[in-house]
Amino acid sequence: MTTILNEGDSAGTTGAAQGSPVDAAPDPDKGTSRGRLVLRRFVRNKAALVCLALIVVLYFLAFCYPLFTQWTYDQQDYTSFLVPPGGTHWFGTDKIGTDMFAQVMRGLQKSLTIGLLVGIISTSFAALVGTTAGYFLGWTDRSLMWIVDLLLTLPSFLIIAICSPAFRGKTWLIFVGLLAVFQWMITARIVRGMTLTLKEREFVKAAKFMGQPARRIIFKHILPNMASLLIIDATINVGSAVLAETSLSFFGFGVQPPDVSLGTLISDGTESTLTYPWLFFIPAGFLVLFVLSVNFAGDGLRDALDPSSTKGRRKESKRKALGELRKAKFDVQTERRGMPAPQGEGKHR
Amino acid sequence: MTAADTLFEPAGGSSDVGPVLEVSDLAVSFPSESGRVQAVRGLSYQVSPGEVLGIVGESGSGKSVSSLAVMGLLPSQARISGSIKFQGRELIGLSDDQLSKIRGRKISMVFQDPLSALTPVYTVGDQIAEGLLVHGKGRVTKQAAAKRSVELLDLVGIPNAAERAKAFPHEFSGGMRQRAVIALAIANDPDLIIADEPTTALDVTVQAQVLEVLKTAQEVTGAGIVIITHDLGVVAGFADRLMVMYAGKAVETGHVDEVYQRPRMPYTLGLLGSIPRVDADEKQPLVPIEGQPPSLVDLPQGCPFAPRCPMAVDACLTDEPPLSEVDNSGDHYAACIRSDELGAVEVQADEASVAAAVDVAAEVFGVEVIGEPEVARIPRDQRTVVLDVRDMVKEYPVTKGVVFKRRIGTVHAVDGITFDIREGETLGVVGESGCGKTTTLMEILGLEKPMRGEISVLGQNVSALNGRSRKAVRRDMQVVFQDPMASLDPRMPIGDVIAEPMQVHGIDKEQIAKRIPELLKLVGLRREHADRYPAEFSGGQRQRIGIARALALEPKLVVLDEPVSALDVSIQAGVINLLDELKAKLGLSYLFVAHDLSVVRHIADRVAVMYLGKIVEIGDVDSVFSSPQHPYTQALLSAIPIPDPIKERARERIILTGDLPSPANPPSGCRFRTRCFLHASLPPEKQSKCIEVEPPRAVQAPDHEAACHYAEPRQVV
Amino acid sequence: MTGFLLRRLVNYVVLALVATFLAFTLASVTFDPIGVLQQRNPPPPAATIDAKRHDLHLDQPIPERFVTWMGGVVKGDFGQTIANRPITEELGRRAGVSLRLFLLGITLGITLGVLLGVISAIRQYKFSDYFATIFSFVVLSTPVFVIATLLKTGAQSINNSIGSNVLLFTGETTPGFSGSWGAALVDRLQHMIVPTLTIVLSQVAYYSRYQRSAMLDVLGSDFLRTAQAKGLTRRKALFKHGLRTALIPMATLFAFGFGLLIVGGTFTERIFSWFGMGDWLITGIQNQDTNITATVTLFIAVCVLVSGWLADVLYAALDPRIRI
């Protein structure tokens, strides 16, 4: 216990004096602001940029597809059953003659809408819970984190599947709610960890000592300072929500007919991968393309925001500037197990 | 030293073998966001066998990079050119395999941060033994290596070495870990030891211990040492020769006495003048070096120091001056075209000494003397009490368990301290890490009822405060933090940062808008800076912004938590001068918490020395520094290096033994007795008083109290 | 140390119990087995329905039902399915199927994942790193059912091109297979490859990403520099000091990889017709069978409990800093 105390103390007084091989001094006159720097790094990351563009295009397609096709997703063309892609049926038709392009786009629309809503809801909720737990600590923290632990113990897949009979025949918004309820925990953990760090930062203390109430400190200083993390996590949560949605829909536990989502389409297509491959590969391709783009863009954002992982400086050993985000994730995972984090978080308690 | 004799070959060797290390025209560059960083730009130096070379420079001067280049430990994307010859053998271009045979055996290194320098998952003994085994394949057995690693740990002063060798790094304190790293460095009797800021991360008393160990290491191995530091004090008594680096180049080299007494490069001169000194008799204003070190990405033409140099002339901007010999001395080189003129100024001083050099610095850099606030003329006891702390106690429970926490002990962070601050006065609170100074400060800033004792701010007892009156008190008491990077919200333009306290206290918008430019001007910034973000400012400027924020509400008391410890010396001086000036101008009172006694000596009127949650000595700063009464104060003061080689070599240093005891389990009676040299020298019947009775604070001289049964003054600086 | 592990164990057991209770309650609330029964054609007589209701304890309040069920569980009786088949009998067989799949998948997945992560960290921004990164991203962005279907299709194509069924993807063994001991083993292996690969792929992708980032953190560390400074070659320092330290955070990930494994396992079992616990869960939910669902939940919770606790033990073994 004492060694930890001492460590914390001395580390605190030397933190800023740490050198790295290139301890280049900040350049006040020509200094690029952090925002511009991040933008520049992100733009340089071609793959991430392409992915971001793809996400935009996919959303556009999903919502504006009726402009491009005469078919609708629930309309059947009795003249063409199981025709391969081509002609007026760009993606072919299925066994009852529904146009696959319209179906896939409609499914994409549903999946993306669900993903976006779940991403936003779960990340906001996570931000709320995480900052509350991290800022107030004590019993608030312990009870909130116990709930997190509990929800993490069971795969969300299972619970939502169990609940599925309840929302069968009701609005899909219940499904969105359920997905969101099981998506916020990891982000909340990370947010809590970052709150703990930010809380010790001097500008937060300064605000406290000048008389700012806790609520205002959270909204004015803590949340804005993890905005980047929240954006990244929201992005990644959209991806995982889409994956969760399709997985559940695959078994019929998610989006219910006559509505379609990428999951139900893929599920319908699995039996015909060799015979009518377009029924499977086209919706599956769109799904993978979207989730992959989301993940790459999220990763690109994280890299751009992470001072240590820029390509210009590659392997440079800048221990102290180690990606806060990456580290936060690890600390969180460590901490989630209820163990002391490797660097000793003892001082916060 | 008997252990050492059996461990190492006799030191020395013939002096005509030539230099151990010969670096010529070394250049290192790295890719970075904004372009290639020219971290080292043509550096040449030599180290003879057994010689100690001090390399001094501020952050970004390339001092660490050049030493990593010698070790061959630069990251792979670094581009290196020039030559590094070790005992005549060229190192640049050697493969990792070839280098690894030299590293650790012929050249070894001590790193800056002892906390992270050892692998957390292996025992300390194993890590030292590994260094022996890797170079003694087949010749050294595991048992022999283990035995020798214990001997080495013993040599560097680790008590119970055989036991402690089995401990993991996290069970060692910072100072102990640095000793272990030194043991590792000398394990194979190297010919060259590179120590990169070996004491920067340590407390002063531990720094003194580690420097002593380094000296021992040098004696037993006879190795040449390169010691890299930013602190002119650390090398003054240790180095034979000195090299000052600026912007990736050597700007002055020479024998250590020469460079300190007759600096011929304005930068060196400025550095000397900017250091607050613990041995200063009277308050002398510090020399601030204006501006910032240049960016190493694309350096402008000419002398890189020219933009900050008070002596710069047009010729300085055209060519970069080479390192050239001074006064045909044969040994002293400076890179300045006006170094002769500087020499001429210096000659006017009666005799060469560091003090004279500092005077020259003050003259060259044009420093104004800062006055005292008007209230200071009123006798102290007639002035208003701004802050009054009585018997304050703060304890933390030590708990175990996740769900149901149970208390297994108590950390006595602050254990009954009493002091007051009067109007227009600065009280410095000093002590090493873990002494409770930060806790004291946080307790005062928290404005909550203390566990025991009383805190009154401007006559208001904090335990009687309610929400509204607490807010009113906050208005009169503001804080400046240590870390200029962390103390400003990076997402807010500094105008908003400064406005925040005024908004909290409900000042109307127009008035705020009017006040911001005033405040910026007050701290030496420009009004157009208000729209910029903190990231666009340098450390010193950010600290000024922090000060402006603290002054926004025109407080009576400003609490300063290590406000300059994160800054480079040349920048630090400017901030200290600003604080001095503001105090005189606005009649402020400061509570100044610091670990650096020289800074406190410079800025404070009174000083309180803390040890393990107690104030052991308090009083007028001159009285405490010139005749310290408590043995801890004496040790602390004697541990501080003075940037004057002659004084430093002549000084007798009190080296404290051991580490700080755990505040969860402090020693009985006098808390300092376990490390006290005075206690150790007492006869047993006198010692028992230290063990049984806690010494009360007793008046030793006018405005000077100390808590020691056997207090007696002793001059240490 | 022992105290710590014991406390963790108690914590996990409580979590597992609460989780099972929640699953049981949720299932009891949302499932409507009687409704399913009533929709049969012709509708069963009211007496049958009432008898069923009583059999399934639907006339009791939910907490009581849970206590009844749990009481049975403690005695080794997991109740009956809606179709009146005892669960306990099937449980052993199904758990065996799942555990075979899980254990092989996780062992291979972790080993290969750690290896891939280390290689990609050491060779950062080289071809192998880019390859590993893209591989992991693609795998992690593809739902298991798509991977499984793709692998199945791929196996089918391979079989078609070879002209004989080398890779089998339906069930664990060929139904009615009879042959020597060796031939039986080959048959099992043939059935095992594709499903195991499905599990291993996502595990490798998951662990390699984290191992890569843990290793990168260590690569810049001061202690690695110290190890080199004392004369270790970079390679040796990387493995002896770097990898050893970078494995610590992986221990904690182990428990989380398990969640992924279970979901992955469910799809794998379903798609490749392995009648394991995952398959049973889907059947249970589709039949609105509370007892099956609760049993599978308990099984999963126990698996998570064991893996979580193992992670704790592993962590304590790897990191001397927490050996209290």
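Eight strands of chain B form an open sheet of mixed pairing in the order E18-E19-E20-E15-E21-E22-E24-E23, where two strands pair if DSSP finds at least two bridges between them. The model is predicted: local features need pLDDT of at least 70, side-chain atom pairs count only at pLDDT 80 or more, and totals for chains, interfaces and linings use all residues. Residues are numbered from 1 along each chain as its sequence is written, chains are lettered from A and ligands numbered from 1 in the order in which they are written, and side-chain values use heavy atoms, with hydrogens and water left out. Helices (H or I, at least four residues) and strands (E, at least two) are DSSP runs, numbered from the N terminus.

**The sheet of chain B**

- The edge strands, each pairing on one side only, are E18 (477-480) and E23 (698-701) of chain B.
- From one strand to the next, the twist averages 20°; axes are lines fitted to C-alpha atoms, for helices over the stretch in contact, and angles run from 0 to 180 degrees between N-to-C directions.
- Strands E15 (residues 426-430) and E21 (residues 606-611) of chain B pair in the parallel sense over four bridges.
- Val429(B) has Ala608(B) as its bridge partner in E21(B).
- Helix H16 (residues 467-476) of chain B lies across E18 and strand E19 (557-561) of chain B, and runs at about 55° to E18(B).

**Buried elements of chain B**

- Thr410(B) belongs to strand E14 (residues 406-422) of chain B.
- With 18% relative accessibility, Thr410(B) counts as buried (buried is under 20% relative accessible area, exposed over 50% and partly exposed in between, with a 1.4 Å probe and protein chains only).
- Apart from its neighbours within four places in sequence, Thr410(B) is in contact (heavy atoms within 4.5 Å) with Glu395(B), Tyr396(B), Val398(B), Pro663(B) and Ala664(B).
- Helix H12 (residues 266-274) of chain B is largely enclosed by the rest of the structure, because nine of its nine residues are buried.
- The buried residues of H12(B) include Pro266(B), Tyr267(B) and Leu272(B).

**Helix packing in chain C**

- Helices H11 (residues 277-286) and H12 (residues 290-318) of chain C have axes that come within 8 Å and cross at roughly 150°.
- H11(C) and H12(C) are therefore roughly antiparallel to each other; angles under 35 degrees count as roughly parallel, over 145 as roughly antiparallel, 65 to 115 as roughly perpendicular and the rest as oblique.
- The contact involves Met277(C), Trp280(C), Leu281(C), Gly284(C) and Ile285(C) of H11(C), together with Ile292(C), Thr293(C), Thr295(C), Val296(C) and Phe299(C) of H12(C).
- By class, the contact of H11(C) with H12(C) has seven nonpolar, three polar and no charged residues (Ala, Val, Leu, Ile, Met, Phe, Trp, Tyr, Cys and Pro count as nonpolar, Asp, Glu, Lys and Arg as charged, and the others, Gly among them, as polar).
- Glu90(C), in helix H5 (residues 87-122) of chain C, is buried with a relative accessible area of 11%.
- Leaving aside neighbours within four places in sequence, Glu90(C) is in contact with Arg85(C) and Trp280(C).
- The C-alpha atoms of Glu90(C) and Trp280(C) are separated by 9.7 Å, although the residues are 190 apart along the chain.

**Helix packing in chain A**

- The axes of helices H4 (residues 100-136) and H11 (residues 227-250) of chain A come within 7 Å and cross at roughly 130°.
- That angle makes H4(A) oblique to H11(A).
- The residues of the contact of H4(A) with H11(A) divide into nine nonpolar, seven polar and two charged.
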